[in-house]
Amino acid sequence: MWWNWAVMNLKTALTFIRDIPDYPKPGILFKDITPLLADGQAFQAVVDAFSVEIRNSEIIAGIEARGFIFAAAIAAQTQRGFVPFRKSGKLPYKTYGAKYGLEYGQDEIEVHIDSFAGGKTITIVDDVLATGGTISAAIELALLAGAKIESVLVLFEIAGLGGRESLSNKYPEIEIRSLVSS
Ligand code: AMP
C-alpha cells in the first residue's frame, strides 16, 4: 500500500501548530493550524482525539471557517451529520443570526433555522477558543434552533483571554473541552 498507517501521537501532532506574531493585527499571536493540516498523520491524530469525545451527539456543528475542517472530518469519522455555522449572508435558507466580538474584531454568524429540527443533540467544534465570543454566538444560535448541546470541542484554548470563564458563567451546564491550552 502506498500510504502509511503509522499513528502519530497527539502531543507530537500539536507541535505542528505554528505561532505567527502580530497577525492579523499587532499584539495578536495567531495560532496557525495549516502546518498541522498539511501533515496527514498529525491531522489524523487530532481528528481521532476529537472523535473519541463524541458520545450522544447526532450532529457535529462547525464554525466557519477553520471549525469546518475539523467538524466535517469528525462527523465523517463518527458517522454523524455535519452542520455549518456560516458567516452572515452565506446560507441560502431562513437563518438565525448572532453578532459577536472576537480577539481582533467583530463578526456575525448564522445557522439555518431547521438545522437541529426535532431537538438534535449536538457538539460544537472550532479551532481556537480566545475570548469565547464566537462560541457564545454559536451556542446562542444552536439553542434558538432547538439543539441540545452535549459539548463544545476546540483544538487550542488561549487560557489568558478568559473565554472558558465567560462561557462557563453564561452556560454552566455546557462542557467545554480543548485538546491543548496555552
Ligand atoms: P473568540 O471569539 O475571541 O474566542 O475567537 C475565536 C475565533 O477567532 C476562532 O474561530 C478562531 O479561528 C479565531 N481566533 C481568535 N484568536 C485567534 C488566534 N490567536 N489564533 C487563531 N485564531 C484565532
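Buried means under 20% relative accessible area, exposed over 50%, and partly exposed in between (1.4 Å probe, protein chains only).

The model is predicted: local features need pLDDT of at least 70, side-chain atom pairs count only at pLDDT 80 or more, and totals for chains, interfaces and linings use all residues. Residues are numbered from 1 along each chain as its sequence is written, and side-chain values use heavy atoms, with hydrogens and water left out.

Helices (H or I, at least four residues) and strands (E, at least two) are DSSP runs, numbered from the N terminus. In soluble globular proteins, nonpolar side chains tend to be buried together.

The surroundings of I124 were examined in detail. Neighbours within four places in sequence are left aside; I124 then contacts A61, I63, F85, A138, I139, A142, I149, S151, V152 and L153. Contact means heavy atoms within 4.5 Å.

Helix 3 (residues 40–51) packs on helix 4 (residues 66–78) at an angle of about 65 degrees, and their axes are 9 Å apart. Helix 3 is therefore roughly perpendicular to helix 4. Axes are lines fitted to C-alpha atoms, for helices over the stretch in contact, and angles run from 0 to 180 degrees between N-to-C directions. Angles under 35 degrees count as roughly parallel, over 145 as roughly antiparallel, 65 to 115 as roughly perpendicular and the rest as oblique. The crossing of helix 3 past helix 4 is right-handed. In a right-handed crossing the near helix is turned clockwise from the far one by less than a right angle; anticlockwise is left-handed. From helix 3, F43, Q44, V46, V47, D48, F50 and S51 meet I69, F70, A73, I74, Q77 and T78 of helix 4.

H112 lies in strand 6. H112 is buried, at 18% relative accessible area. A polar atom of the H112 side chain lies 3.0 Å from the backbone nitrogen of Y93. Beyond its neighbours within four places in sequence, H112 contacts L91, P92, Y93, K94 and T95.

K94 sits in the loop between strand 4 and strand 5. K94 is exposed, with a relative accessibility of 52%. Leaving aside neighbours within four places in sequence, K94 contacts V111, H112 and I113. K94 and R80 are 14 residues apart in sequence, and their C-alpha atoms are 23 Å apart in space.

Backbone geometry was also examined. Y23 and P24 are joined by a cis peptide bond, with omega about 0 degrees. P24 falls in the loop between strand 1 (18–21) and strand 2 (29–32). D22 is in the loop between strand 1 and strand 2. D22, a residue other than glycine, has a positive phi near 60 degrees. The E64 to A65 peptide bond is cis, with omega near 0 degrees. A65 lies in the loop between strand 3 and helix 4. Q79 is not a glycine, yet its phi is positive, about 55 degrees. Q79 occupies the loop between helix 4 and strand 4, and is exposed at 75% relative accessible area.

Key: Polar contact = N/O pair within 3.5 Å; in protein donor to acceptor, adjacent residues only side chain to side chain.
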